[in-house]
Amino acid sequence: MRQHQKGPPPPELARYTKNPAVTWSAFKDKPALRRALFAEQQGLCAYCLSALARPDRDPHPSPEDGGMKIEHWAARNEPGIDPSERRRRSFAWQNLLGVCPGGVTRRPADGSRPKLRPLLH
């Protein structure tokens, strides 16, 4: 597995983190985040290292159609966390990964699933 050091967040993310009223579901610059994650991860899924769908295609395919997903490494909706921590996790660049839709990579002949870890450290 390849290790990866996260760089600075894209400016689109910084603009939204300053507005406490914005929620993840209302965040409108996800295409910009996909492009930034794609570039930072050199076009590879953070878990399985398969090639990600190019996020600059218009329209970008949904994850169900093979498009890249934005994943939160630490769950933003974990039960019991307070709203400020939920918001922090939602927009923390260090917590965001670009991932493939999953289930499309080859499995070993015995059918087992590989153990997946993100390429962050």
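Helices here are DSSP runs of H or I with at least four residues, strands are E runs of at least two, and both are numbered from the N terminus. With that settled, on to the model.

This is a predicted model: local features need pLDDT of at least 70, side-chain atom pairs count only at pLDDT 80 or more, and totals for chains, interfaces and linings use all residues. Residues are numbered from 1 along each chain as its sequence is written, and side-chain values use heavy atoms, with hydrogens and water left out.

Start with Lys30. Lys30 sits in helix H2. Buried means under 20% relative accessible area; exposed is over 50%, and partly exposed lies in between (1.4 Å probe, protein chains only). A salt bridge needs a side-chain nitrogen of Lys or Arg within 4 Å of a carboxyl oxygen of Asp or Glu. What does the Lys30 side chain reach instead? The backbone oxygen of Trp24, at 3.0 Å. Lys30 also touches Ser25 and Ile70, leaving aside residues up to four places away in sequence. Touching means heavy atoms within 4.5 Å.

Next, the core. A nonpolar core is a set of buried Ala, Val, Leu, Ile, Met, Phe, Trp, Tyr and Cys residues joined through side-chain atoms within 4.5 Å. The largest one here has 20 residues. Leu13, Trp24, Phe27, Leu33, Phe91 and Leu96 touch the most other members. Helix H1 (11–17), helix H2 (30–40) and strand S2 (96–99) each give two or more residues to this core. Take Leu96: its contacts include Leu13, Trp24, Leu33 and Ile70, again not counting residues up to four places away.

Now the charged pairs. There are six salt bridges. One of them joins Glu78 and Arg89, with the closest N and O atoms 2.9 Å apart. Arg89 lies in helix H3 (residues 83–91) and Glu78 in the loop between strand S1 (69–72) and H3, so the pair ties together parts 11 residues apart in sequence. Arg89 is buried, at 12% relative accessibility. Glu78 is partly exposed, at 36%.

Glu85 and Arg88 make another bridge, also with N and O atoms 2.9 Å apart. Both lie in H3, three residues apart, about one turn of the helix. Glu78, Glu85, Arg88 and Arg89 are linked in a network of salt bridges.

Last one: Arg54 and Asp56 meet at 3.1 Å, N to O.

Terms used. A polar contact is a pair of N or O atoms within 3.5 Å; within protein, one must be able to donate a hydrogen and the other to accept it, and residues adjacent in sequence count only if both atoms are side-chain atoms.
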